Amino acid sequence: MNDPRSTDDRFPWAWVSNIALGATVLFASMALARYRTYHNETFDLAFYARMVWGAGHWDLANPLVGAPLWGLHLSLVLLPLGLLARFVPLIPLLLITQAVCVAAAGIPLARLAHRRIGHPAAAFGALFAYLLFPTVASVATYEFHPSSLALLPMALALDWFDRRELRKGAVALLFAAACREDVALACGLTGLALAFRRQHRAVGLGLFAFFTAWFGLYLFVV
């Protein structure tokens, strides 16, 4: 069987990364412009901003909903964001981080398409199909949701699993699940899909069991 990494040395890194960078700037600019010029004070941005501020000041109670930091969702990614928010403005940090993660997720997807089809046009086709999908721009420019940050590690996991780099893929899934507990379900299903490869069945089923248990523990215990 051919090594799926054999075409990676021909991947158009410069073009793809520059396009993703341009999308990052565009998404971040639109998100900040919306916040600074018109924002209808909707729930999620205020909710998560308070949670991130509290995480950075070791105040894990959220008075907006009368629950602790993990009361409605388990988003461990908010803890490092809270520490960063002690040094940089909070709202721009959240919106720019979200724009970076959403736009950068197109790079591993483009690499996967290039590897599977074997032509640079496939990389650009996948990248633009992802970036121009209406929901992508919406989640990158409106509100803030930690589950949006999971797009990047999820895409990286798919790319690394396709390269048969199972450890890197598993670590990427851990980062994705740290964004929100319900993302763990997607991580578990990714492991289940991996299990369809006979040589990766044990790893895939292990990931499926681990992340399903992660979600179940939060849902039925926490």
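Start your tour by selecting F47, Y48 and F144, which together form one aromatic cluster. Keep in mind as you look around that this model is predicted.

Now zoom in on F47 and Y48. Their rings make an edge-to-face pair, with 5.0 Å from centre to centre and 75 degrees between the planes. Are these two residues buried or exposed? Buried means under 20% relative accessible area. F47 has 4%, so it is buried, and Y48 at 2% therefore counts as buried too.

Next, go back to F144 and bring up the nonpolar residues. F144 belongs to the largest nonpolar core, which has 40 residues. Along with L78, L81, L173, C187 and F211, F144 touches the most other members of this core. To see where the core comes from, colour the helices: those giving two or more residues include α2 (43-56), α9 (151-162), α10 (166-177) and α12 (201-220). Apart from this core lies another one, of 19 residues; select V16, A28, V102 and Y130, which are among them.

Which residues does L173 touch, leaving out those up to four places away in sequence? Select M154, A157, F161, C187, T190, L207 and F211 to see them.

For the last stop, return to the aromatic rings. The whole structure holds six aromatic pairs. One of them is F11 with W13, also edge-to-face, at 4.8 Å centre to centre and 80 degrees between the planes. Show the surface here: F11 is buried, with a relative accessible area of 5%, whereas W13 is partly exposed, at 42%.

Technical notes:
Residues numbered from 1 in each chain as written. Predicted model: local features only at pLDDT ≥ 70, side-chain atom pairs only at ≥ 80, totals over all residues. Heavy atoms only, no water. Core = buried A, V, L, I, M, F, W, Y, C linked by side-chain atoms within 4.5 Å. Buried < 20%, exposed > 50% of the residue type's maximum accessible area, 1.4 Å probe, protein only. Helix = DSSP H or I, 4+ residues; strand = E, 2+ residues; numbered from the N terminus. Contact = heavy atoms within 4.5 Å. Phe/Tyr/Trp six-rings, centres within 6.5 Å; stacked < 30°, edge-to-face > 60°.
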